[in-house]
Amino acid sequence: MSARSIYFDHAATTHVKREVLEAMLPYFSENYGNPSTVYTIGRTSKKAIEEARETVARIIGAEPREIFFTGSGTEADNWAVKGAAYANMKKGKHIITTSIEHHAVLHACQYLESEGFEVTYLPVDEYGLVTPGQVEAAIRPDTILISIMFANNEIGTIQPIAEIGRIAREKGICFHTDAVQAMGNIKINVSELNVDMLSMSAHKFYGPKGVGALYVRKGVKLTSFMHGGAQERGRRASTENVPGIIGLAKALELADMNMEQHNRKLVALRDRTIEEIEKKIPFVRLNGHREKRLPGNVNFSFEFIEGESLLLMLDLKGIAASSGSACTSGSLDPSHVLLAIGLPHEKAHGSLRITFGDENTDEDVDYLMEVLPEIVRRLREMSPLYEGIRSSKE
Amino acid sequence: MMYSEKVMDHFMNPRNVGEIADADGVGQVGNAKCGDIMKMYLKIKNGVITDVKFKTFGCGAAVATSSMATELVKGKTIDEALKITNKAVAEALDGLPPVKMHCSNLAEEAIKAAITDYKRRKGLIEDDGDCNVCCLRCEDIHHHLNDDDE
Ligand SMILES: Cc1ncc(COP(=O)(O)O)c(C=O)c1O
Ligand code: FES
């Protein structure tokens with residue numbers, strides 16, 4: 001329908017970069033050996049996985065034996081949260097997290113509550129931030145785990161992870177961070193940050209879907225995620241997703257190499273878009289923090305209109321974006337993140353998330369700014385909520 | 001989730017959008033909390049709906065069902081209009097995705113609310129002071145949705 005096709009949903013997923021795909025391909029065909037075998041093609045696979053592990057470890061400042069490959073970011077989160085809870089339940093049954101975690105952490109915590117654990121969901125301020133002081137105040141003698149996301153997938157807010165890590169370390173409590181959105185956007189060193197566990201997912205940084213990794217600091221007590229063979233040192237049994245693992249490592253390596261350029265470019269696109277939306281469209285609210293924000297994240301609420309309608313109209317213009325509206329997910333409520341930062345329901349329904357990636361250009365933003373104000377105007381004309389506002393201006 | 005061509009047509013080119021300044025009946029249903037509000041304006045002559053306009057805050061399905069509902073009531077008598085069901089509106093749109101069926105309730109309720117308002121103004125029914133702004137039915141409906149996660 002539309003001549004243009006622009007992808008602005010990189011927080012949902014990214015395309016697999018050509019170099020990544022090329023690195024993966026041989027492991028589907030000629031190098032198909034099972035890494036657990038002794039003969040040559042099996043050893044080739046094993047060697048490739050161990051090199052991938054070393055690459056990931058080097059980039060985040062860990063040791064190779066502290067990296068465990070998983071089937072996704074969700075799996076890494078589930079393993080970290082439930083694994084640490086069960087491994088430490090004799091010490092206590094209290095967990096601290098935030099109210100804006102991804103569902104992979106939130107729902108894992110809710111499950112643990114049904115298993116007799118107690119969870120404190122820290123509230124956030126209007127920008128989506130938790131303070132180290134809040135975390136410290138929530139710690140109890142029976143606290144066994146703190147899980148706080150590095151950067152939020154919806155509003156892009158970046159948490160003070162190093163400070164929280166210092167507190168967790170002082171108190172001797174295991175600290176996990178869901179870095180699925182941060183990886184590839186923020187330089188991460190697990191030692192400097194004092195994190196004990198960290199989740200990542202390849203498809204958020206131009207790698208393949210269905211593969212992730214969990215960093216587990218040496219000495220952290222964690223139950224096994226899958227019981228079976230001896231893969232991942234017996235803690236995550238199952239024949240490895242060799243091409244996926246190779247793809248994850250290659251993608252992370254590229255992201256690490258390009259980090260500075262990537263950030264400079266995305267921040268410029270982001271800040272320009274924020275500025276122009278605020279200038280050209282009335283009744284908008286930027287969600288999230290202006291500075292402590294992922295480089296490619298723009299999230300606005302447009303008053304008086306509903307997010308799904310906005311997305312459909314953008315789609316008809318060839319633009320792919322996302323919204324926190326309940327109508328887009330078919331679930332009960334609009335985004336828990338937008339509600340947690342204090343948005344009333346109707347403003348949460350009217351949200352638009354644009355997340356930039358490496359292939360986006362200034363021309364893409366030109367085009368967005370050409371079509372977006374008109375779409376918003378059109379939907380507002382149609383909205384009964386806008387009537388009084390408009391006539392009071394007239 | 002996929003919308004039918006007809007839904008997309010009514011979403012992109014909604015019929016009868018707007019207000020009627022001297023409407024004989026106005027009904028507003030839904031609430032912003034659930035993410036959907038529909039307001040319907042009716043012009044009624046000798047018991048026949050001669051003109052109709054709507055304003056909607058809601059998803060694609062909410063806009064399309066509003067638009068279709070206005071087409072369905074135009075030219076009908078009040079009694080005929082009151083018989084239009086949400087199912088009929090959805091069918092006229094070649095169906096709605098299951099999670100969006102509740103959006104069509106809004107259309108049926110908006111018609112009823114606008115006609116009730118007309119009758120009240122005419123003194124045909126007593127003004128019982130009941131609020132017709134939000135029936136809270138949308139909340140029940142949302143609660144019955146499955147808990148799909150992204
Ligand atoms: C913050 C965060 N955590 C976890 C996940 C889940 O990752 P995956 O899709 O690999 O399961 C996502 C992606 O949707 C995310 O944004
Ligand atoms: S208005 Fe919310 S799903 Fe249709």
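**Close-ups of a predicted model: cavities and helix contacts**

About 60 Å³ of space lies in the second largest cavity, in what is a predicted model.

**View 1. The second largest cavity and its lining.** The residues around this cavity are Ile59(A), Ile60(A), Met183(A), Gly184(A), Ile186(A), Lys187(A), Ile188(A), Leu252(A), Ala255(A), Asp256(A) and Met259(A). Helix H2 (40–60) and H8 of chain A are the elements that give two or more residues to this lining, and H8(A) gives the most, with four. By class, the lining has eight nonpolar, one polar and two charged residues. (A cavity is a set of points on a 1 Å grid over the protein atoms alone where a 1.4 Å probe fits but cannot get out, and lining residues have an atom within 4 Å of a point. Volume is the space filled by probe spheres set on the points, with grid points joined across faces, edges and corners. Ala, Val, Leu, Ile, Met, Phe, Trp, Tyr, Cys and Pro count as nonpolar, Asp, Glu, Lys and Arg as charged, and the others, Gly among them, as polar.)

**View 2. The largest cavity.** Six cavities of 30 Å³ or more turn up in the structure, and the largest holds about 240 Å³ of space. Its lining takes in 25 residues, with Asn185(A), Lys204(A), Tyr206(A), His262(A) and Phe356(A) nearest the centre. H8(A) is again a name to look for: it gives the most to this lining, with six residues. Sorted by class, the lining has eleven nonpolar, eleven polar and three charged residues.

**View 3. H2(A) against H8(A).** The axes of these two helices come within 9 Å and cross at roughly 30 degrees, which makes H2(A) roughly parallel to H8(A). The crossing is left-handed. On the H2(A) side you'll find Ser45(A), Ala48(A), Ile49(A), Ala52(A), Thr55(A), Val56(A), Arg58(A) and Ile59(A); they meet Val242(A), Ile245(A), Ile246(A), Leu248(A), Ala249(A), Leu252(A), Glu253(A) and Asp256(A) of H8(A). That contact has eleven nonpolar, two polar and three charged residues. (Helices are DSSP runs of H or I, at least four residues, numbered from the N terminus. Axes are lines fitted to C-alpha atoms over the stretch in contact, with angles from 0 to 180 degrees between N-to-C directions. Under 35 degrees is roughly parallel, over 145 roughly antiparallel, 65 to 115 roughly perpendicular and the rest oblique. Left-handed means that the near helix is turned anticlockwise from the far one by less than a right angle, and right-handed that it is turned clockwise. Contact means heavy atoms within 4.5 Å.)

**View 4. H8(A) against H13(A).** Helix H8 (residues 242–280) and helix H13 (residues 362–381), both of chain A, pack at an angle of about 20 degrees, with axes 11 Å apart, so they are roughly parallel to each other. This crossing is right-handed. Leu269(A), Arg272(A), Thr273(A), Glu276(A), Ile277(A) and Lys280(A) of H8(A) meet Asp362(A), Val365(A), Asp366(A), Leu368(A), Met369(A) and Leu372(A) of H13(A). By class, that's six nonpolar, one polar and five charged residues.

**View 5. H9(A) against H1(B).** Helix H9 (residues 307–316) of chain A and helix H1 (residues 5–12) of chain B have axes that come within 11 Å and cross at roughly 100 degrees, which makes H9(A) roughly perpendicular to H1(B). Ser309(A), Leu312(A), Met313(A) and Leu316(A) of H9(A) meet Met8(B), Phe11(B) and Met12(B) of H1(B). This contact has six nonpolar, one polar and no charged residues.

**Notes.** Residues are numbered from 1 along each chain as its sequence is written, and chains are lettered from A and ligands numbered from 1 in the order in which they are written. Local features need pLDDT of at least 70 and side-chain atom pairs count only at pLDDT 80 or more, while totals for chains, interfaces and linings use all residues; side-chain values use heavy atoms, with hydrogens and water left out.

How values were computed
On a 1 Å grid over the protein atoms alone, a cavity is a set of points where a 1.4 Å probe fits but cannot get out, and a pocket is an open set with protein on both sides within 12 Å along at least five of seven lines; lining residues have an atom within 4 Å of a point.
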